[in-house]
Amino acid sequence: MTPDQWALAGVLAATLVLFLWGRWRHDLVAVAALLACVALGLVPSADAFGGFAHPAVITVACVLVLSYGLQTSGAVDVLVRTVMPTGAGPSLTIAALTGTGALLSGFMNNVGALALLMPVAVQVARRMGLPPGRVLMPLAFGTILGGMITLVGTPPNLIVSGFRAEAGPGPFLMFDFTPVGLAVAVVGVGFVALVGWHLVPARKPGVEGFETEAYLTEVRVHEESKLAGQCLREVEDRLKDHDAQVVGMVRNEIRMVAPHPGRRVRAGDILVIQADAEALAGVLGSLGLKLEEAVEPEEDAEAALEEDEAAVPDEPSQAGDEAEAEEAPPPEDEISLVELVVLPQSGLVGRSASDIELRTRYGINLLAISRRGQRSMRRLRVTALQAGDVLLMQGQPDAIAEFAANSGCVPLAERALSIPDRRNALLATGIMGLAVGAATLGVPAAVAFMGGVLAALVLRTVAVRQLYQSVDWPVVVLLAALIPVAGAMEATGLAGLIAEFLIDGVAQGHVIAALVVVLVVTMVLSDLMNNAATAAVMCPVAIGIAVQSGVSVDAFLMAVAVGASCAFLTPIGHQNNTLILGPGGFRFGDYWRLGLPLQVLVLLAAVPMLLWVWPL
């Protein structure tokens, strides 16, 4: 190996390790890899940011904008209302729901498709008496499978098409992915609906309502509380009636994890209590406690009191009475508790309630956090949120809905199927259809979908102020940063060396075996890191294997596309898997029970189809 090849191999190895570690965001890791390649002279500095002009990157951004128009217009509700059966059994209902998710994912962002159908899945699970996870996991896997049906179904397909264009034969067209992708998706959805959903672990079965793990809630002990002066052992005995327990205490801003049972509770102490959402009201009412998020800090309260005293006139005025009436809190029947799940691309990820200024900006409270698999013992105000967290929010429904829409959260409640704007629904569907049709007729995908975005803005199916909010920028930056790195793999000859090793050392010179190896390796990498990154790394290797074997690159590139859309073994392989982690009550090791047989089935279905549709 040459020094450049060793250097690039080191950068790629470090990048893969950082992807698997998961401490840093994938887009930051990709940018770091790009800058390292520039510093080592592996990527010319003039070409470092050429990935942002790559057609695949532009197309991904445009498809995300058009997908947003479909989500907000109500067009999807019409489809769901049409295809969802009434009075059918679990298998048929799950098949209809999963098939709908797969169909939507073929033409829109698959995370958006899952987010739209999650409330429907929860409703279906409740009606069927099933644990939510047994409907959510098939739906998530179906939306992942649906992405391989068309060129714009998922970013890896666009990356694969771009590499084919650079290799010589030209880019794949809109429905070149359909024969293989549709066959695999039908087989996968059929298996999940008829057999697979039985394999999903049943978490908290038979409980009415949508289930989450116990919340960690902060409550303040005031002077009139029944707990003031009691020791924690006595407090624990009283909390047992509500299936709750004290897991921590905060006194004078000093946090105590698992405080001694003999410690006495004082007025002003903050207790960290673990309790189900349904038990919170009973805990607060019977013990005379106040939610910490509902208590103003002492300094702020004193300052407000001083300001009020200075501002109050000697005699009341009509204007003052009107202001007081406007600032009066809303009636209790207008206050609701809503569970929201944090989307992977949400702006809340990595931020705390203090960072967001919930009470100041939206007038709502974060009462508790449910995080499957671990319990954070930090203060609620400063706990950094993660994708898949379930948040218990308190406030007026309109305020919570506004917060959910602005922050990238999905309400875990029944959502009435309706069309907010029939005109926009028809226009959004028509614009997407025209863009797809133009790309099918040979118009470059980037041009066709950019034209669709322009039409959406002119016809106002997507508001101009929402244009940049609708783009998943981490994915765009990830693609733009990794495309030059992947180009360096070909330029330095490293892709050829890896291809030679896979052909001679693993496949033993058999071309079909090499195709299977490419598909399996891509599947494994996609289970462990971002699927777009997997496609960018594997495409040069796939092309190298095809060139050295003297066969067409098409089957190998299609194998990469299929493998990149088969992340079913872990919650970190795909954003949709992460999204259902908390709402489904899953643990890290729950995914392989359905995911492993599904991946084996995909392998058995994909290889013959690849050889038939794209002969070597």
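Which residues of the largest nonpolar core touch the most other members?

A: They are Phe 449, Ile 545 and Phe 556, in a core of 154 residues. A nonpolar core here is a set of buried Ala, Val, Leu, Ile, Met, Phe, Trp, Tyr and Cys residues joined through side-chain atoms within 4.5 Å. Buried means under 20% relative accessible area, exposed means over 50%, and partly exposed lies in between (1.4 Å probe, protein chains only).

The model is predicted: local features need pLDDT of at least 70, side-chain atom pairs count only at pLDDT 80 or more, and totals for chains, interfaces and linings use all residues. Residues are numbered from 1 along each chain as its sequence is written, and side-chain values use heavy atoms, with hydrogens and water left out.

Setting aside neighbours within four places in sequence, Phe 449 is in contact (heavy atoms within 4.5 Å) with Thr 59, Cys 62, Val 63, Leu 66, Val 152, Met 174, Met 432, Ala 435, Val 436 and Ala 439. In soluble globular proteins, nonpolar side chains tend to be buried together.

For the chain as a whole, 53% of the 616 residues count as buried. Among contacts between residues at least 6 apart in sequence, 78% join residues at least 24 apart. The chain has 25 helices and nine strands; these are DSSP runs, numbered from the N terminus, with helices (H or I) of at least four residues and strands (E) of at least two.

A search of the whole structure finds two salt bridges, each defined as a side-chain nitrogen of Lys or Arg within 4 Å of a carboxyl oxygen of Asp or Glu. In one of them, Asp 554 pairs with Arg 164, and the closest N and O atoms are 2.6 Å apart. Asp 554 belongs to helix α23 (residues 554–564) and Arg 164 to helix α8 (residues 155–167), so the pair ties together parts that are 390 residues apart in sequence. Both Asp 554 and Arg 164 are buried.

The other salt bridge joins the side chains of Asp 269 and Arg 251, at 2.6 Å from N to O. Asp 269 sits in the loop between β3 (254–257) and β4 (270–275), and Arg 251 in strand β2 (residues 245–251), 18 residues apart. Asp 269 counts as buried because its relative accessibility is 3%, and Arg 251 is buried too, at 11%.

Cysteines are present, but zero disulfides are found in the whole structure; a disulfide would need a pair of cysteine sulfur atoms within 2.5 Å. Cys 539 is buried, with a relative accessible area of 0%, and Cys 566 is buried with a relative accessible area of 0%.

Two asparagines follow one another in the chain. Asn 530 lies in the loop between α21 and α22 (531–549), while Asn 531 lies in helix α22. Asn 530 counts as buried at 15% relative accessibility, and Asn 531 is buried at 8%. Not counting residues up to four places away in sequence, Asn 530 is in contact with His 26 and Leu 478. The C-alpha atoms of Asn 530 and Ala 567 are 9.2 Å apart, although 37 residues separate the two along the chain.

The surface comes last. The chain exposes about 26800 Å², of which carbon and sulfur atoms supply 60%; accessible areas come from the Shrake-Rupley method with a 1.4 Å probe, and for residues only the protein chains shown count as cover. Leu 20, Val 520, Val 524 and Leu 528 form a nonpolar surface patch with about 290 Å² of accessible area together. Patches are made of residues with over 30% relative accessible area and no salt bridge, joining like charges within 9 Å and nonpolar side chains (Val, Leu, Ile, Met, Phe, Trp, Tyr) within 5 Å. Helix α21 (residues 511–528) gives the most to this patch, with three residues. Val 520 lies in helix α21 and is partly exposed, with a relative accessible area of 33%.
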